[in-house]
Amino acid sequence: MHRAFQELTSPKIDNLSSQSTLVVRSRPKEDETYLGFLVRLAEINSYDTPLWILQAADLGWKIHRLVSRKGLIRINKQLAELTQVKAEALERLPYQSTPDGRSVKFFHHDIEPYLLRLDRERLCVECLKESNYCRKQWQFAAVTCCPIHKVLLIDECPACGESMTWFRDHVSKCHCGFEWRMSKVTRLPESECRVSLLLYRAFALPGLPQIKLPKKNPLIDLSVSSLLNAL
């Protein structure tokens, strides 16, 4: 991360910083990750890394502010000016700490930070084909597959074998040039998708499939914390 930040050249930073807004703008999706939103902005504006946007918004390389702590109002206002998105909408993207500092808010639930895979991205190939953006639910450690499409999530490029990183210029394309939406998927039976489906239900995520769960399954209506304890 530090090396990627140091590779930024001042002329391009100055050019972007002098703009009041990005040339091409978009609004964040309801379940989009903060860094995924920045990658998508970088792609539609033809930047080679979202770090250009971070630098222009005076965020530097302190990514932890975006993924684990509520951003400062000053920072959100600067990013809001660039994206023309209200600061209140941007503030919902990071994982906000609870008052005691022990948990973070994740889809309105209090969870411990170790349950989030923030250092290594995962994605559902089929979801990207339908709508090309990064979902927060893929970062939850216990979610290993997409219950909507019944496929295993991937966390490395099938072509070059490198782990997926946030410092790229396309939402669904690797540095090696391989388009992840062309990846072969590992299809799973419904029985292997039930844990992820239960978590999706607990998070109240939209677009859930009509998978029939056993009526006597004691896990169906549990809260997220109770469900994790049971698992």
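User: Which residue meets glutamate 121 in a salt bridge?

Analyst: In this predicted model, glutamate 121 lies in the loop between strand S2 (109-111) and H8, while its partner lies in the loop between S4 and H9, so the pair ties together parts that are 47 residues apart in sequence. Both residues of the pair are buried. The side chains meet at 2.6 Å, N to O, and the partner of glutamate 121 is arginine 168.

User: Which residues are joined into one network with Glu126 by salt bridges that share partners?

Analyst: The side chains of glutamate 126 and lysine 129 meet in a salt bridge of 3.6 Å, N to O, and both residues lie in helix H8, three residues apart, about one turn of the helix. Glutamate 126 counts as buried because its relative accessibility is 13%, whereas lysine 129, at 45%, counts as partly exposed. Through salt bridges that share partners, the residues joined with Glu126 into one network are Lys129 and Arg187.

User: Is aspartate 110 buried or partly exposed?

Analyst: The side chain of aspartate 110 meets that of lysine 105 in a salt bridge of 2.7 Å, N to O, and lysine 105 has a relative accessible area of 37%, which makes it partly exposed. Since buried means under 20% and exposed means over 50%, the 44% relative accessibility of aspartate 110 places this residue between the two cut-offs, so it counts as partly exposed.

User: How many salt bridges does the structure hold?

Analyst: The bridge between glutamate 121 and arginine 168 is one of them, and the bridge between aspartate 110 and lysine 105 is another. For the structure as a whole, the number of salt bridges is seven.

User: What is the angle between the planes of tyrosine 95 and phenylalanine 106?

Analyst: The structure holds six aromatic pairs, and one of them is formed by tyrosine 95 and phenylalanine 106, with the ring centres 5.6 Å apart. This pair links distant parts of the chain, with tyrosine 95 in the loop between helix H7 (87-91) and strand S1 (104-106) and phenylalanine 106 in strand S1, 11 residues apart.

User: Which residues form one aromatic cluster with Tyr95 and Phe106?

Analyst: Tyrosine 95 is buried, and phenylalanine 106 is buried as well. The aromatic cluster to which Tyr95 and Phe106 belong also contains Phe107, Phe140 and Phe203.

User: Why does glutamine 139 count as buried?

Analyst: Glutamine 139 lies in the loop between helix H8 (125-130) and strand S3 (145-146). Leaving aside its neighbours within four places in sequence, glutamine 139 is in contact with several residues, among them Thr33, Tyr95 and Trp166. The cut-off for buried is under 20% relative accessible area, and glutamine 139 counts as buried because its relative accessibility is 5%.

User: How far apart in space are cysteine 157 and tryptophan 180, C-alpha to C-alpha?

Analyst: Cysteine 157 is found in the loop between strand S4 (151-152) and H9, and it counts as buried because its relative accessibility is 2%. Leaving aside neighbours within four places in sequence, its contacts include Cys174, Cys176 and Trp180. Although cysteine 157 and tryptophan 180 are 23 residues apart in sequence, their C-alpha to C-alpha distance is 7.1 Å.

Terms used
Residues are numbered from 1 along each chain as its sequence is written. This is a predicted model: local features need pLDDT of at least 70, side-chain atom pairs count only at pLDDT 80 or more; totals for chains, interfaces and linings use all residues. Side-chain values use heavy atoms; hydrogens and water are left out. Rings of Phe, Tyr and Trp (its six-membered ring) pair if their centres lie within 6.5 Å; planes under 30 degrees apart count as stacked, over 60 as edge-to-face and the rest as tilted. Helices (H or I, at least four residues) and strands (E, at least two) are DSSP runs, numbered from the N terminus. Buried means under 20% relative accessible area, exposed over 50%, partly exposed in between (1.4 Å probe, protein chains only). Contact means heavy atoms within 4.5 Å. A salt bridge is a side-chain nitrogen of Lys or Arg within 4 Å of a carboxyl oxygen of Asp or Glu.
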